[in-house]
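Please look over the sequence and the model shown here before reading on. The report that follows describes a few residues and their surroundings.

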Amino acid sequence: MAHLNVGFIFIAYFVPAIILKDQNEFSDDIVSLYVLILLIGATCFVIGLYTGFLIKPVRLSNFSFTFLDKEIYKKRIIKVTRMFLIAGLSGLFFAYLLMGFVPAFASDPVAAKFFRGVYQVPFYVSIIYYSSFFILTTITPISIIIWYTNKKKNLFLIGSIAAVTLMMVSLSRGPAFSGIVLAVAIIMSFKNKRTFWLLIILLISIYLFSSVFYFIVGVRNFADVNTNFKDDHPFWRVISAGTIDIQDQLNFLDFFDKDPIWTYGRTILGGLVPSHYIWNPSVFTLRVTRPGEDVTTLISGGLRLQMPMWGYVSFQWIGVVVFCFLSGFIKGLLLKFSKYWIYKSQSILIATVVIVINISIFAQASEFFTLSIYALPPAVVLIFYAFRVRIE
């Protein structure tokens, strides 16, 4: 689980900072503030992570995988996955029909991806779309592992391919490919340690492919590329075009430093409120960087800020320390629990369910500083895996 972000980190941080040196476009004061916030935050996070991991895992007995017979639980996993795979595929396909367009094939793919301008859809359509989408992102790795452990179950292979395809054309790269990446990582980790470096190379390659795919689909007039891009390192400019996190974060910090809008923790719950709530984390970042503009018309899903930055904009330096330590502590505690049950299960399929629960629910608890309403569909789905919910 710790290595799943290696590909993203390489493209979003290593390439821009080390190869392209995007930070040179900003003042030394802003860069120094940025580095100091991240350095203090990372230190506090590691201390919290280690502290949480030292605590003995709680032997909870109410989870299905803790008391059901292993073979019975595996059959339940297959039954639940089949149900949600069919529901998710049907729902997302139906949502595209209601929308009347597919973002990857729209005349303005980026606007279509964020439902802006002429691509706005009714609220009930977005509910169907996002619910189906996040159901599929949750169960795709489980579906792939079911097929891997039983090659006769081709329904799950076909369903997984269909799910990835339907998500990929939405231009949401991370969720679309995360299921495959997670499944492959789990399979390779269950083989032997010698596949570790092969896994790292594979993770980076997948992100490189997805970045190039996003760039090609997103550009409609390639004549504009030469005017918008610098002429140094053209290959790396294309690769990092869709993940400009360092530029976004430095730009945000530059605006915030000039006219700070302290959140005092209101963005923690802001993501649970729909319809462009002013303290929604995505809306907040756009309010800071695009002052005076109507954020509902902007073709953007907001900026990705690192955890230390959320602590800083909430409660200044105290927020950096508290947010990062607490996040690390929760993550360490829940990782210890997950590790215990992964080893105890002695089954790649059950281990996959535990890992998905960790990523979809436990990780959300440790990332409390940006809770999202989009975490609700995965949570509902995983209730059926974690507890004995009757299925007719």
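Two residues are said to be in contact when heavy atoms of theirs lie within 4.5 Å. In this predicted model, and leaving aside residues up to four places away in sequence, Phe-101 touches Tyr-96, Ala-112, Phe-115, Tyr-119 and Val-121. Phe-101 itself is found in the loop between helix 4 (70-99) and helix 5 (109-113), and its C-alpha atom is separated by 44 Å from that of Ser-345, a residue 244 places away along the chain.

Thr-140, by contrast in topic, lies in helix 6 (residues 123-149), where its side chain reaches the backbone oxygen of Leu-136 at 2.5 Å. Not counting residues up to four places away in sequence, Thr-140 touches Ser-160, Ala-163, Val-164, Met-167 and Gly-179.

| Residue | Relative accessibility | Class |
|---|---|---|
| Phe-101 | 14% | buried |
| Thr-140 | 2% | buried |

The next topic is the nonpolar cores. The largest nonpolar core has 70 residues, and of these Ile-77 and Tyr-385 touch the most other members. Apart from this core lies another, of 33 residues, which includes Ala-17, Trp-279, Val-313 and Phe-368. Returning to Ile-77, and again not counting residues up to four places away in sequence, the contacts of Ile-77 are with Ile-142, Ile-146, Leu-349, Ile-350, Val-353 and Tyr-385.

Terms used. Residues are numbered from 1 along each chain as its sequence is written. This is a predicted model: local features need pLDDT of at least 70, side-chain atom pairs count only at pLDDT 80 or more; totals for chains, interfaces and linings use all residues. Side-chain values use heavy atoms; hydrogens and water are left out. Helices (H or I, at least four residues) and strands (E, at least two) are DSSP runs, numbered from the N terminus. Buried means under 20% relative accessible area, exposed over 50%, partly exposed in between (1.4 Å probe, protein chains only). A polar contact is a pair of N or O atoms within 3.5 Å; within protein, one must be able to donate a hydrogen and the other to accept it, and residues adjacent in sequence count only if both atoms are side-chain atoms. A nonpolar core is a set of buried Ala, Val, Leu, Ile, Met, Phe, Trp, Tyr and Cys residues joined through side-chain atoms within 4.5 Å.
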